[in-house]
Amino acid sequence: MLDKALARPRRHRLLNVSTGECIRMDLPEFAEHTLLALTPEGLLLLLLKSTLVVRLLNPLTRQLTDLPPMTALLRPGQHRSRQCGVEIGRTINVSGVGLVADASMVAVNFFDPRGLVVAKPGDESWTMVDKEYMNSVLPFAGRFYCANYRGVMVLTTSSDQQPPRLQLVADRSDSFDFYRMAHSLHLVDNGGELMLVHRALSLDGEYGRSYDAYRVDLEAGVLAPAKGFNGRAVFMGMCRSISVPAEAAYPSVAADTIYLGRDCGGQIQGYNIADGSICSLIEAVCPHSIVDCLRCCIQGLGKQLA
């Protein structure tokens, strides 16, 4: 995970969310690129300002991999803005990116311009898979998962000349009601286990929201209710969730608790998934602690990751 706290303009802090360890390094590539998002593997998705070519950067080796330009994906209004001299990267929002098909293909879910697209290095253009709104996307175990009002879907790619497509792997209709304007879904890689959090309006109590966790059973194609995160904690924003080992690398974090970003309900606080109790956020957290960085990095869309 990338963070710019306590950093000079091109100096950034790279955080290992599993161990809590971090390193600082210069990334001069940011001078001519706009950061769009990063993969769970730590690769940075960049946009070359001059040509709109999309690139993947390994910040440790400094290796750059070229992907197709995103010119054809832009909305008409974004084309007009670019002609007027607007830095177009500031208008592009990415809600998720990951490597699929044995890391030979890159999948990107754009919030604006909207669309789930895929491409391989050397391709001339992006392939559009779906333009429907996705509540959450997550690269997991070499595949790319999406969640929306239907449930959990997986991006399928094959070598039989069939185009990439989304396939439903867990229908949510048997598990809970979902209202698009009031609820949201959040995919979580919980230490190697795929989970889904349903955020809904609560009709009673002072909290205003309820949060229910489910294990995604890919074999049975169902969502199984869960009363915890196996001793882990989840930092959750509207478009990104991070699961961390509570009390080990992060001794100030409570187990089986969701810590909410500012974009996911206003005031940041903790919600215990086991009993529904509310806990105040970690006390005495210094402004630039690792936990504070986690809170900042889950809020907003892809570009708020740094």
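I began with strand E10 (residues 115-119), which pairs with E11 in the antiparallel sense over three bridges. Val117 has Met128 in E11 as its bridge partner. My terms: strands are DSSP runs of E, at least two residues, numbered from the N terminus, and two strands pair if DSSP finds at least two bridges between them.

The model is predicted, so I noted that local features need pLDDT of at least 70 and side-chain atom pairs 80 or more, while totals for chains, interfaces and linings use all residues. Residues are numbered from 1 along each chain as its sequence is written, and side-chain values use heavy atoms, without hydrogens and water.

Next I looked up the sheet around E10. It is open, with four strands in the order E8-E9-E10-E11 and antiparallel pairing. Strand E8 (93-100) and strand E11 (127-130) are the edge strands, each pairing on one side only. From one strand to the next the twist averages 25 degrees (axes are lines fitted to C-alpha atoms; angles run from 0 to 180 degrees between N-to-C directions).

I then moved to strand E18 (residues 209-217), which is joined to strand E17 (residues 194-201) by seven bridges, antiparallel. E18 also pairs with strand E19 (residues 222-226), antiparallel over five bridges. Arg215 in E18 stands opposite Met195, and its bridge partner in E19 is Ala224. E18 and E19 form a hairpin with four residues between them, where Gly221 in the turn has a positive phi of about 70 degrees.

Last, I checked for disulfides (cysteine sulfur atoms within 2.5 Å) and found zero. Cys84 is exposed at 68% relative accessible area, whereas Cys239 is buried at 19% (buried is under 20%, exposed over 50%, partly exposed in between; 1.4 Å probe, protein chains only).
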